[in-house]
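Have a look at the model below before reading on.

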Amino acid sequence: MVAASGATVVEFVTTVFVLSTMFSMGVKLSASQLVNALRKWRLLAKSLAVNLVVVPVIAYLLVRTVPVETGFAAGVVLLAVSPGAPFGPKLAEISDSDVAFASGLMAILCMLSVVTIPVSLLLLLPGDVAVDPFAIGRMVLGIQLVPLLLGLGLSFALPTLANHLYPPVQRLSDYTFIGLIVLLVVVYSDSMVSLVGTGTLGISAVAVGASLVLGYGLGGPARATREVLATTTAARNAAIALFIATTWFSDPNVLTTVLAFSFIGVVGSGLIGSVWRRQSVGSALSHG
C-alpha cells in the first residue's frame, strides 16, 4: 500500500516536472534559434542521425552483449531512445559553445521524438517487453510536444507575458526535479542499490562515452558545434524517459536505471564541458 502510494506520488511529481520543463523550454526558445539550427542542414542531419539512430543502436547492442536483467536493459534502451535533453543549452553555456544551436537542436529532437521514441522502443526493447507504440506516441505528444509548442507560441504571440511566466515555471521545473530525485531515492532506494554489480552502470558509462566521442566527431569543423553535439548527445532526455518509466513500466528497475544512466550522462557532459571551457579561456588568454 505504501509502495503503491509512493509510486503514485512519483508519477504525479514526474508529470509536473515534465510539463513545466517542456513549457519553460518553449518559452525560452526563439524562432531564430530554430531557423539557425535548420540552416545548418548538413550538421543537423548528422546530429539527428547520431541522436535518433546511432545512440539507440549502441544501447541495444550493449544490452544484448552484456547479460543484464530485462528491467535494467529496458531502462538503458528507454533513455537511449529519448533525445533532446532539456540540459542541452545549459551544457552549451558550461562549455562556452553554441547555445543557439543547442537550443534549436533540442527543440527539433523533442518534436521528432513523438515518432522516434515509440518506434525505437518497439524495435529495440528486449523481446519479452511489450509496448504499444501508438499509446506511447500519444503520451509523448501530450506531455512533451504540446507544452513545448504552447510555450513557443506564447513567446511569439505574447512575449511580455511569456517573460513574466518563465521565472516561476522554471522554478517549478527546478523544484520538482529536486523533489523527484528525493522521492526516487526514498521510494526506490532498494532498487537503486540493486544496480551495483549488475553491469548496468558500466553499460551506461560506455554509452555516455561513445555518445560524447561520436557527437564531437560529427559536430563539424567548429569547436562550438562539436562540443554542443557531444554534450547534447550524451545527456539524454531524462524528463520524458522518467515519465514513460513511471507511467508505462511496472518494474522499478526500469525507473532506477533511467535515473542512474541520466545522472552519468549529465554529470559526465557537465564535467567535460567545464574542461572545454577552461581550455577555451586559456587559449583566448594565450592569444590575447
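How many salt bridges does the count come to? The count comes to 3 salt bridges, and keep in mind that this is a predicted model. As background, side chains of opposite charge can pair when their charged atoms come close. Here are the pairs:

| Salt bridge | Closest N and O atoms |
|---|---|
| Lys-40 and Asp-98 | 3.0 Å apart |
| Glu-93 and Lys-90 | 3.1 Å apart |
| Arg-223 and Glu-227 | 2.6 Å apart |

Let's start with Lys-40 and Asp-98. Lys-40 sits in the loop between helix 2 (31–39) and helix 3 (41–65), while Asp-98 sits in the loop between helix 5 (88–95) and helix 6 (99–124), so their pairing ties together parts that are 58 residues apart in sequence. Lys-40 is partly exposed at 26% relative accessibility, whereas Asp-98, at 18%, is buried.

Glu-93 and Lys-90 stay local: both are in helix 5, 3 residues apart, or about one turn of the helix. Glu-93 is partly exposed, with a relative accessible area of 40%, and Lys-90 is partly exposed too, at 48%.

Arg-223 and Glu-227 are also about one helical turn from each other, being 4 residues apart in helix 11 (residues 223–234). Arg-223 is partly exposed at 30% relative accessibility, but Glu-227 is buried at 2%.

Now for the rings. The whole structure holds 2 aromatic pairs. One of them is Phe-17 with Phe-177, a tilted pair with 5.3 Å from centre to centre and 35° between the planes. Phe-17 belongs to helix 1 (residues 2–28) and Phe-177 to helix 8 (residues 159–187), so this pair ties together parts 160 residues apart in sequence. Phe-17 is buried at 5% relative accessibility; Phe-177 is partly exposed at 28%.

What about the interior? The largest nonpolar core has 61 residues, and those touching the most other members are Leu-78, Ile-117, Leu-121, Leu-125, Leu-184, Ile-244 and Phe-249. Leaving aside residues up to four places away in sequence, Ile-244 touches Leu-78, Ile-117, Ile-136, Met-139, Val-140 and Phe-249. Another core, of 18 residues, lies apart from that one and includes Leu-29, Ala-37, Leu-52 and Ala-107.

Finally, take Thr-200 in helix 10 (residues 200–218). Thr-200 is buried at 2% relative accessibility, and, again leaving out residues up to four places away in sequence, touches Val-68, Phe-72, Val-76, Leu-195 and Thr-257.

Terms used: Residues numbered from 1 in each chain as written. Predicted model: local features only at pLDDT ≥ 70, side-chain atom pairs only at ≥ 80, totals over all residues. Heavy atoms only, no water. Phe/Tyr/Trp six-rings, centres within 6.5 Å; stacked < 30°, edge-to-face > 60°. Helix = DSSP H or I, 4+ residues; strand = E, 2+ residues; numbered from the N terminus. Buried < 20%, exposed > 50% of the residue type's maximum accessible area, 1.4 Å probe, protein only. Core = buried A, V, L, I, M, F, W, Y, C linked by side-chain atoms within 4.5 Å. Contact = heavy atoms within 4.5 Å. Salt bridge = Lys/Arg side-chain N within 4 Å of Asp/Glu carboxyl O.
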